[in-house]
Amino acid sequence: MKNRIPVVLLACGSFNPITNMHLRLFEVARDHLHETAVPELKLLCGADVLKTFQTPDLWKDEHIQEIVEKFGLVCVGRAGHDPKGYISGSPILQRYQHNIHLAREPVQNEISATHIRQALSQGQSVKYLLPDAVIAYIKDHNLYTRDNSWKGKSAQNNAGETS
């Protein structure tokens, strides 16, 4: 087995709410870097965040360049996204593509924080999609509900557990 080297990853994204797949990003990126590179400090993102580099007025070109030139990034693929296409569509990302590591999630999963919020607002279970501590926090703080539907109901029916 190869000697493991230290990895420092800085992630960005809404993580709203944080899902197991958000946490999984770190594992996939670490494994990828241990197999392919001598890690330094890198920005960790999903392909959906890489796509936002093309969104007008969201990122400044000089900030994108600073990230990929000075630090580099690790992008974990996501269903429905084309990180190679995002790189080829950006002159800055093309120029520094040697500093962009594309990591493949070996077990594809389409967990989406947007879909999680929608499910919660409709009172649907999110058990096994979120860590139990996150489900408890959401319930305790009455988050992601349209009409405070968490209040007065049992945790078993609303905190993501099936009945």
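Guide: A residue counts as buried here if its relative accessible area is under 20%. By that cut-off, 37% of the 163 residues of the protein chain are buried in this predicted model. The part to look at is helix α3, residues 61-71.

First, its setting. The protein chain has eight helices and four strands. Read from the N terminus, the elements run β-α-β-α-α-β-α-α-β-α-α-α. The four strands make an open sheet with parallel pairing, in the order β1-β2-β3-β4. Its edge strands are β1 (8-11) and β4 (100-103), each of which pairs on one side only. From one strand to the next, the twist averages 30°. Helix α1 (residues 20-36) packs on this sheet and touches β1, β2 (41-46), β3 and β4.

Now to α3 itself. Its buried residues are I64, I67 and V68. They lie on the same side of α3, because the arc they cover around the axis is only 80°. An α-helix has 3.6 residues a turn, so residues three or four places apart point the same way. The buried residues of α3 pack against β2, β3, α5 and β4.

One of these residues, V68, also has a place in the largest nonpolar core, which holds 17 residues. V68 is among the members that touch the most other members, along with L50, F53, L73 and L93. Helix α3 gives two or more residues to this core, as do β2, α2 (47-52), β3, α4 (83-88) and α5 (91-95). In soluble globular proteins, nonpolar side chains tend to be buried together.

L50 shows how such a member is surrounded. Leaving aside neighbours within four places in sequence, L50 is in contact with C45, L73, C75, P83, Y86, I87 and L93.

Last, the end of the helix. After α3 comes G72, with a positive phi near 85°. Further on is strand β3, residues 73-76, which runs parallel to β4 and is joined to β4 by four bridges. Within this pair, V74 stands opposite H101 in β4.

Conventions: Residues are numbered from 1 along each chain as its sequence is written. This is a predicted model: local features need pLDDT of at least 70, side-chain atom pairs count only at pLDDT 80 or more; totals for chains, interfaces and linings use all residues. Side-chain values use heavy atoms; hydrogens and water are left out. Two strands pair if DSSP finds at least two bridges between them. Axes are lines fitted to C-alpha atoms, for helices over the stretch in contact, and angles run from 0 to 180 degrees between N-to-C directions. Contact means heavy atoms within 4.5 Å. Buried means under 20% relative accessible area, exposed over 50%, partly exposed in between (1.4 Å probe, protein chains only). A nonpolar core is a set of buried Ala, Val, Leu, Ile, Met, Phe, Trp, Tyr and Cys residues joined through side-chain atoms within 4.5 Å. The arc is that of the directions from the helix axis to the C-beta atoms.
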